[in-house]
Amino acid sequence: MRYSLLPAIVILICSSSVATEVNDLWLLLSSYEDIGITVKDLAFFLVTHGYDALPGKSYVTVEISDGSEVYLTPNGGAERLADLWMTPPAEKAGPVKVISSDAVQVDVRRDRTGNAGFIKTASRYVIFPVAPLGMCYDGSQQLENTYKSFGYDVNYMYDPSGFDSQGHLWIVLEDDHTDTWLAVDSYYGVMADDDSYYRAPYAFADFKYLDSVNPKWNAG
């Protein structure tokens, strides 16, 4: 019985040693942070600390003393220098398009409707101003909800230079699928005679796309 337990004891000691080695690696990664670290930087850092590290395309392979491997990916601004993987992570295939090509239109000019009946009817559904001056984001969303409830096809128009702070956002209503439009400002109301409201740097059908053209800045 005493001899039959020996292999199990040896395996246990080896496993414990390897586990400690991985714990030590994790402690090293936890002791530093580097937002801009690359795969090559990470591999070099690990080699200088005595690890057998080999950089790949998107991750670093570290060989443990028993011949097994662990995998590390730089994690940018997250805690620690890298994330730890038991199996090789999928290689990054490059940028993946998440917004369709026509979701946000650039340098848009809409044809203005001349349909007096359409303009008159659209003017009756809302009492202006819908929102205070400078609150065009909220006001335009309220207009969208109101006009869509009456069956109108609504698009947003956005000019980032319209105001000094956040730019200017308004909506346009399609005149019975004729591809002619009526512009509506949440403060000033129906803009049937102002050509400036029928062209804009950006246009989109859903308010969520405003974040795609409106930068979010980080302070250093």
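**Surface, salt bridges and helices**

Modeller: To start with the surface, Asp52, Glu63, Asp66 and Glu69 form a negative patch there. Keep in mind that this is a predicted model.

Biologist: Where is aspartate 52 found?

Modeller: Aspartate 52 is in strand β1, which covers residues 52-55.

Biologist: And is aspartate 52 buried, exposed or partly exposed?

Modeller: Aspartate 52 is partly exposed. Its relative accessible area is 47%.

Biologist: Which residues form a nonpolar patch on the surface?

Modeller: Leu133, Tyr187 and Tyr188. Together they have about 310 Å² of accessible area.

Biologist: Where does tyrosine 187 lie?

Modeller: In the loop between β8 (181-185) and β9 (189-190). Tyrosine 187 is partly exposed, at 32% relative accessible area.

Biologist: Switching to charge pairs. How many salt bridges are there?

Modeller: The count comes to 3 salt bridges.

Biologist: What does aspartate 193 pair with?

Modeller: Aspartate 193 forms a salt bridge with arginine 112. The closest N and O atoms are 4.0 Å apart. Aspartate 193 sits in the loop between β9 and β10 (199-204), and arginine 112 in the loop between β5 (104-109) and α3 (116-124), so the pair ties together parts that are 81 residues apart in sequence.

Biologist: Aspartate 193: buried or exposed?

Modeller: Aspartate 193 is exposed, with a relative accessible area of 72%. Arginine 112 is partly exposed, at 36%.

Biologist: What about aspartate 195? Which side chain does that one meet in a salt bridge?

Modeller: Arginine 112, at 3.0 Å from N to O. This pair also links distant parts of the chain. Aspartate 195 is in the loop between β9 and β10, arginine 112 is in the loop between β5 and α3, and they are 83 residues apart. Aspartate 195 is partly exposed, with a relative accessible area of 36%.

Biologist: Which residue does glutamate 144 meet in a salt bridge?

Modeller: Lysine 148, with an N to O distance of 3.0 Å.

Biologist: How many residues apart are glutamate 144 and lysine 148 in helix α4?

Modeller: They are 4 residues apart in α4 (residues 136-149), so about one helical turn separates them. Glutamate 144 is buried, with a relative accessible area of 11%. Lysine 148 is partly exposed, at 43%.

Biologist: Which residues do salt bridges with shared partners join into one network?

Modeller: Arg112, Asp193 and Asp195.

Biologist: On to the helices. Which residues of α3 are buried?

Modeller: Phe118, Ile119 and Ala122. They cover an arc of only 95° around the axis, so they lie on the same side of α3.

Biologist: What is exposed on the other side of α3?

Modeller: Ala116, Lys120 and Arg124 are exposed there.

Biologist: And which residues of α2 are buried?

Modeller: In helix α2 (residues 39-48), the buried residues are Val39, Leu42, Ala43, Phe45 and Leu46. Their arc around the axis is only 160°, which puts them on the same side of α2.

Biologist: Which exposed residues does the face turned away from the buried side of α2 carry?

Modeller: Lys40 and Phe44.

Biologist: Last one. What phi does glycine 50 take?

Modeller: A positive phi of about 90°.

Conventions
Residues numbered from 1 in each chain as written. Predicted model: local features only at pLDDT ≥ 70, side-chain atom pairs only at ≥ 80, totals over all residues. Heavy atoms only, no water. Patch = residues over 30% accessible without salt bridge, like charges linked within 9 Å, V, L, I, M, F, W, Y side chains within 5 Å. Areas by Shrake-Rupley, 256 points an atom, 1.4 Å probe, with all protein chains shown as cover. Lys, Arg positive; Asp, Glu negative; His and termini not counted. Charge placed at Lys NZ, Arg CZ, Asp CG, Glu CD. Helix = DSSP H or I, 4+ residues; strand = E, 2+ residues; numbered from the N terminus. Buried < 20%, exposed > 50% of the residue type's maximum accessible area, 1.4 Å probe, protein only. Arc of directions from axis to C-beta.
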